[in-house]
Amino acid sequence: MSRPGTDPEPDADTNAGPETNTGTGPSDTESDSVRPTSSSDDALLGTGTPQRTDRALVRTLLSLAFFAVVLGTVVLGGLLLGPTALETVEDIADADEIEIVDGPSPSPSAEPPPAGERNPDVMDPADPGESTYETDVEPISSATVEDFVHAEVNDRRAAHDLEPIEWDGTVASVARAHSYDMAQRDYFAHTNPDDEGPYDRFTAVDDYCRAYGENIALTWVDRPVDRPGGDDVVEYQTAEGVATGLVDQWMNSTAHREAILEEHSSHGWDRGGVGVYIDDDGAVYASHNFCLAA
């Protein structure tokens with residue numbers, strides 16, 4: 001399951017402002033009837049006295065002869081049909097020539113537009129830096145996912161006649177540290193176990209944002225997850241695919257969409273930063289923090 005962060009959708013969350021079958025059939029019983037003896041029967045047995053046991057012996061010998069014929073037919077049939085069956089099995093067992101395809105693989109990610117400064121003068125001391133996860137398509141880097149998310153959010157804003165959000169390396173560092181903390185301490189929320197919210201975490205690092213907001217999301221790479229806004233599933237194997245999925249989670253949740261499109265209050269945002277952490281199991285934690293500094 002993909003997770004963006006709100007109460008209606010516990011997998012997604014936003015926090016804008018300064019502070020998601022027996023039966024058996026009938027049995028057939030067959031009994032022998034006593035028949036008149038004939039001289040021909042006696043001659044066949046080579047005796048002068050007709051006996052029922054002799055007739056039984058004849059029937060037994062005839063039965064054995066019949067089964068021998070049947071068995072010979074089966075063996076001959078097996079010899080005639082066996083080679084064809086064996087060739088078929090050998091063909092199927094030739095794994096080198098069999099390709100099992102679950103579906104079309106996505107193309108590798110394009111080169112993302114660089115979001116901005118990765119190593120600003122002021123950074124969160126808990127910032128884990130870059131994290132990666134390798135799929136069959138490409139190695140997915142957290143930095144590349146961040147670049148794609150930043151660009152995708154600005155594309156969605158442009159579609160609503162909003163100015164792009166400027167990348168802020170310090171805000172991104174604070175967001176990245178929160179994503180890492182959620183993974184390490186196994187929680188998914190705006191407020192961490194130390195009771196610190198988004199604005200608290202930012203002001204512990206710097207103090208130039210007079211309004212602050214946060215969207216968080218959780219998804220996975222290399223496993224099926226619910227497609228945001230759809231009834232089917234998707235499996236992310238590229239950085240670009242992960243980024244699009246994260247933004248789709250937010251845009252399909254009212255509170256997250258409002259934060260991105262500045263519909264949450266009277267003020268907007270002039271800068272922001274995306275912080276992504278990719279865990280060893282393929283879990284992708286994302287935090288998008290917004291700031292109004294002017």
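**Briefing: a buried threonine, aromatic pairs and a helix**

Leaving aside neighbours within four places in sequence, T238 is in contact with P106, S107, P108, S109, V137, E138 and I140 (contact means heavy atoms within 4.5 Å). The model is predicted: local features need pLDDT of at least 70, side-chain atom pairs count only at pLDDT 80 or more, and totals for chains, interfaces and linings use all residues. Residues are numbered from 1 along each chain as its sequence is written, and side-chain values use heavy atoms, with hydrogens and water left out.

**T238**
- T238 is found in the loop between β7 (233-235) and α6 (239-251). Helices (H or I, at least four residues) and strands (E, at least two) are DSSP runs, numbered from the N terminus.
- The relative accessible area of T238 is 6%, so T238 is buried. Buried means under 20% relative accessible area, exposed over 50%, and partly exposed in between (1.4 Å probe, protein chains only).

**Aromatic pairs**
- Five aromatic pairs turn up in a search of the whole structure. Rings of Phe, Tyr and Trp (its six-membered ring) pair if their centres lie within 6.5 Å; planes under 30 degrees apart count as stacked, over 60 as edge-to-face and the rest as tilted.
- Y180 and Y277 make an edge-to-face pair, because their planes stand at 80°, with ring centres 4.9 Å apart.
- This pair links distant parts of the chain, 97 residues apart: Y180 is in helix α4 (residues 169-185) and Y277 in strand β8 (residues 271-278).
- Y180 counts as partly exposed at 27% relative accessibility, and Y277 counts as buried at 11%.
- W269 and F290 form a stacked pair, 5.4 Å centre to centre with 25° between the planes.
- W269 lies in the loop between α7 (254-260) and β8, and F290 lies in strand β9 (residues 283-292), so their pair ties together parts that are 21 residues apart in sequence.
- W269 counts as buried at 6% relative accessibility. F290 is buried too, with a relative accessible area of 0%.
- One aromatic cluster is formed by Y199, F202, Y208 and Y212.

**Helix α3**
- Helix α3 (residues 142-158) has 17 residues. From first C-alpha to last it reaches 24 Å, close to the 24 Å expected at 1.5 Å a residue (the expected span is 1.5 Å times one less than the number of residues).
- In α3, 14 of the 17 residues are buried, so the helix is largely enclosed by the rest of the structure.
- S141 caps the N-terminal end of α3. A side-chain oxygen of S141 lies 3.2 Å from the backbone nitrogen of A143.

Conventions. A polar contact is a pair of N or O atoms within 3.5 Å; within protein, one must be able to donate a hydrogen and the other to accept it, and residues adjacent in sequence count only if both atoms are side-chain atoms.
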